[in-house]
Amino acid sequence: MSVRELVVLGTASQVPTRHRNHNGYVLLWDGQGIMFDPGEGTQRQMLRAGVAAHDLHRICVTHFHGDHSLGLAGVIQRINLDRVPHPVTAHYPASGQHFFDRLRYATAYRETVSLTEAPVAADGPLATAPSYTLDAMRLSHPVESYGYRLVEPDGRRMLPELLAEHGITGPDVGRIQQEGGLGGVTLDEVSEVRRGQRFAFVMDTRLCDGVHALAEGCDMLVIESTFLDEDERLATDHGHLTAGQAARVAVDAGVRHLVLTHFSQRYPDPSRYEQQARAAGFEGELTVARDLSRVPLPKRT
């Protein structure tokens, strides 16, 4: 299996700090690169993180607040400057088409790459690739906002003891996988379902049905935790989550690896996010995201 990891380019909400760039994330998934929410400075963060324009195949924007989208202009121009040899698709809320147009053509440049615009207007599937499907789900924020979810198709895991019991060895193992049966033995008799991996990206939102639906059963959930729990009312008023709320979502959804990000500049100590997530009952793998870090998806169970 190819590399599957999250590259964190920036973790700040609203304004950058000395230690946090504006938002920006790239999910590397079996040779495909999916960028989420490129805020200001994303192009430089890509350079520092070792992510090239050639790595990008999709750009997914949750909403058109500046800390999630002002880097689009530079990223799109860099894709064209570097003459990326494959098509790139951009997903974003359809209601923000005028913002996307302004960012795409913010300044003069030569277009050399096929950039497909695929705006999101409703919950549901957006795209199907060989190793994943991409869906969107509406969130609750003062402007229209969508979260994104990748789901790998389920596969089969061969069981050596059952293969041996039926005398299936060598090339015949490949044959039964391809044909679904061999000599009266079905594939189901010598294998089990291997659940596909699931990844969700949830940014600016209050608690809502979309948050829970996106998180359900995820191997990795990347989710905003702008505020700490003592400021829960402020979070709700502004359409955001707290660390404890994000963690409880992950607990209820059975998330394996929780990645907290999008931190307010009012909290200089990132360890408090982890403390509150653990206090909320999350016992799985937990990452409080840092700029320029790489977070691998969990190994299959």
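Is Cys218 buried or exposed? Cys218 is buried, with a relative accessible area of 1% (buried means under 20%, exposed over 50%, partly exposed in between, with a 1.4 Å probe and protein chains only). The views below come from a predicted model, where local features need pLDDT of at least 70, side-chain atom pairs count only at pLDDT 80 or more, and totals for chains, interfaces and linings use all residues. Residues are numbered from 1 along each chain as its sequence is written, and side-chain values use heavy atoms, leaving out hydrogens and water.

**View 1. Helices α3 and α4 pack together.** Here α3 spans residues 72-81 and α4 residues 97-104 (helices are DSSP runs of H or I, at least four residues, numbered from the N terminus). Their axes lie 8 Å apart at an angle of about 55°, which makes α3 oblique to α4 (oblique is what remains after under 35 degrees, roughly parallel; over 145, roughly antiparallel; and 65 to 115, roughly perpendicular).

**View 2. Side chains where α3 meets α4.** Leu72, Ala73 and Ile76 of α3 make the contact with Phe100, Leu103 and Arg104 of α4 (contact means heavy atoms within 4.5 Å). These residues divide into 5 nonpolar, no polar and 1 charged (Arg counts as charged; Ala, Leu, Ile and Phe count as nonpolar).

**View 3. Cys218 and its sulfur.** The closest cysteine sulfur to that of Cys218 belongs to Cys60, 14 Å away and so too far for a bond.

**View 4. Cys208, another buried cysteine.** Cys208 has 17% relative accessibility, so it counts as buried. Its sulfur lies 14 Å from the closest cysteine sulfur, in Cys218, too far for a bond. The count comes to 0 disulfides (a disulfide is a pair of cysteine sulfur atoms within 2.5 Å).

Technical notes: Axes fitted to C-alpha atoms, helices over the stretch in contact; angles between N-to-C directions. Helix = DSSP H or I, 4+ residues; strand = E, 2+ residues; numbered from the N terminus.
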